Amino acid sequence: SDVATNGVQIFKSFPTITYTASNGGVFTVGNVPLITVTIAADSKGDVTMNRLTFNIATTTTTVISPTFTGPGGSVGTVSAPDANGNVVVSFNSVSNTSDAVIPAGSSKSYTFKGTTAFVSPATTGSVSISLKGDTYAAVNTVSGLSTSNMIWSPESTTTSTATTNLDWANGYGLGGCFTSAGLGNDCFAATLAK
């Protein structure tokens, strides 16, 4: 009791997220798929997604009008890239609620698209996309995690996955693409180049 500890968090289930560059990593101009994202839920329980944040870095290219779709279509709101290239994906669709939930022991694939172009007069360039991590562990309501890059729920409560439940966590400590990047770091980027 007189020694400080980092503590332990235990979750009923958790997501594992990986992604790969589309089109074999070759950059093309137009409204095109950029990365394919796979989210898997642990076999112990369903996982519900609320937010993902990606960073887009470009070299003599531009990316506008990003979209994020799952098997059932758009998952909800996708922000335009901010001044730092960050894009926030919110799983808030009222017509496609199923793609926010990954059933226990299964996975779903999602497509991150954008409208791309070269910055004239360039004819070569690249775009790199990385999933942003969180630098500290937090469990709260969705509004209580408003500064987190990722928000997800292990569906631990028996009532509902209401955003006001204290059953939401951020991305700190997850495996998947974060494993090789290291604790608290962003995942390594998937790059498309020409």
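**Figure 1. T60 in the loop between β3 and β4.** T60 is partly exposed, with a relative accessible area of 37%; buried means under 20% relative accessible area, exposed over 50% and partly exposed in between, with a 1.4 Å probe and protein chains only. The loop that holds T60 runs between β3 and β4 (61-70). Helices (H or I, at least four residues) and strands (E, at least two) are DSSP runs, numbered from the N terminus. The phi of T60 is positive, near 50°, and T60 is not a glycine. The model is predicted: local features need pLDDT of at least 70, side-chain atom pairs count only at pLDDT 80 or more, and totals for chains, interfaces and linings use all residues. Residues are numbered from 1 along each chain as its sequence is written, and side-chain values use heavy atoms, with hydrogens and water left out.

**Figure 2. N23 in the loop between β1 and β2.** N23 lies between β1 (15-21) and β2 (30-41). Its phi is positive, about 55°, although N23 is not a glycine. Most residues other than glycine have a negative phi, and most peptide bonds are trans. With 46% relative accessibility, N23 counts as partly exposed.

**Figure 3. The cis peptide bond between S120 and P121.** The bond that joins S120 and P121 is cis, with omega about 10°. P121 belongs to the loop between β9 (107-118) and β10 (126-131).

**Figure 4. S126 in strand β10.** S126 is part of β10. Its relative accessibility is 15%, so S126 counts as buried. Neighbours within four places in sequence aside, S126 is in contact (heavy atoms within 4.5 Å) with A57, T58, T59, T61, T191, L192 and A193.

**Figure 5. L131 in strand β10.** L131 also lies in β10. L131 is buried, at a relative accessible area of 0%. V37 is 94 residues from L131 along the chain, and the C-alpha atoms of the two are separated by 9.7 Å.

Figure 6. The space in the largest pocket is about 160 Å³. On a 1 Å grid over the protein atoms alone, a cavity is a set of points where a 1.4 Å probe fits but cannot get out, whereas a pocket is an open set with protein on both sides within 12 Å along at least five of seven lines; lining residues have an atom within 4 Å of a point. Grid points are joined across faces, edges and corners, and the volume is the space filled by probe spheres set on the points. The largest pocket is lined by 13 residues, of which T48, M49, F91, A100 and W168 are the closest to its centre. Strand β3 (residues 47-59) gives the most to this lining, with three residues. The lining has five nonpolar residues, eight polar and no charged; Ala, Val, Leu, Ile, Met, Phe, Trp, Tyr, Cys and Pro count as nonpolar, Asp, Glu, Lys and Arg as charged, and the others, Gly among them, as polar.

**Figure 7. The chain around these sites.** The secondary structure comes to one helix and 14 strands. Of the 194 residues, 43% count as buried. Among contacts between residues at least 6 apart in sequence, 72% join residues at least 24 apart.
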